[in-house]
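Hi everyone, and thanks for making the time. I'd like to walk you through one structure, starting with a pair of helices and then visiting a few residues one by one.

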Amino acid sequence: MKTRIQELRKERGLSQEAFANAVGVTRQTVISLEKEKYTASLELAFKIAGFFGKSIEEVFIYEEEDL
């Protein structure tokens, strides 16, 4: 699943470590999310979207082939 996490994080001037701490995950999780190697749980997706003040759909881009 594609995400806008890296883009949104950089807009706020946050390091991966600072963002990871803010949403309660490890830096490795942030790296995996940004490289699209890991799909966030629903709970984490809500946390991330809430952190940025966005809807889940504005942060996570769903595509049919993701099924």
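Let me begin with how the elements are named: helices (H or I, at least four residues) and strands (E, at least two) are DSSP runs, numbered from the N terminus. With that naming, Glu17 lies in helix α2.

A word on where this comes from. The model is predicted, so local features need pLDDT of at least 70 and side-chain atom pairs count only at pLDDT 80 or more, while totals for chains, interfaces and linings use all residues. Residues are numbered from 1 along each chain as its sequence is written, and side-chain values use heavy atoms, with hydrogens and water left out.

Now to the pair of helices. How do helix α2 and helix α3 cross? Helix α2 covers residues 16–23 and helix α3 covers residues 27–34; their axes come within 8 Å and cross at roughly 105°. Because angles of 65 to 115 degrees count as roughly perpendicular (under 35 is roughly parallel, over 145 roughly antiparallel, and the rest oblique), α2 is roughly perpendicular to α3. The axes here are lines fitted to C-alpha atoms, for helices over the stretch in contact, and angles run from 0 to 180 degrees between N-to-C directions.

Which residues meet there? From α2 we have Gln16, Glu17, Phe19 and Ala20, and from α3 we have Arg27, Val30, Ile31 and Glu34. Contact means heavy atoms within 4.5 Å. The residues of this contact divide into four nonpolar, one polar and three charged. For the record, Ala, Val, Leu, Ile, Met, Phe, Trp, Tyr, Cys and Pro count as nonpolar, Asp, Glu, Lys and Arg as charged, and the others, Gly among them, as polar.

Let's stay with α3 for a moment. Val30, Ile31, Ser32, Leu33 and Glu34 in α3 are buried. Buried means under 20% relative accessible area, exposed means over 50%, and partly exposed is in between, with a 1.4 Å probe and protein chains only. What do the buried residues of α3 pack against? Their partners are β1 (2–3), α1 (5–11), α2 and α4 (42–52).

That brings us to the core. A nonpolar core is a set of buried Ala, Val, Leu, Ile, Met, Phe, Trp, Tyr and Cys residues joined through side-chain atoms within 4.5 Å. The largest one has 15 residues, and those touching the most other members are Ile5, Phe19, Leu33, Ala40, Ile48, Val59 and Phe60. Two or more residues come from each of α1, α2, α3 and α4, and α4 gives the most, with five. In general, nonpolar side chains tend to be buried together in soluble globular proteins. Take Phe19 as an example: leaving aside neighbours within four places in sequence, Phe19 is in contact with Ile5, Arg9, Leu14, Val30, Ile48, Phe51 and Phe52.

The side chains of Glu34 and Arg9 are joined by a polar contact of 2.6 Å. Not counting residues up to four places away in sequence, Glu34 touches Ile5, Gln6, Arg9 and Gln16.

Glu17 counts as partly exposed, at 42% relative accessibility. Glu36 follows α3, in the loop between α3 and α4, and is partly exposed at 38%. Most residues other than glycine have a negative phi. Glu36 is not a glycine, yet its phi is positive, about 60°.

Glu43, in helix α4, has a relative accessible area of 57%, so it is exposed. Glu64, in the segment after β2 (60–61), is exposed with 58%.

Notes
A polar contact is a pair of N or O atoms within 3.5 Å; within protein, one must be able to donate a hydrogen and the other to accept it, and residues adjacent in sequence count only if both atoms are side-chain atoms.
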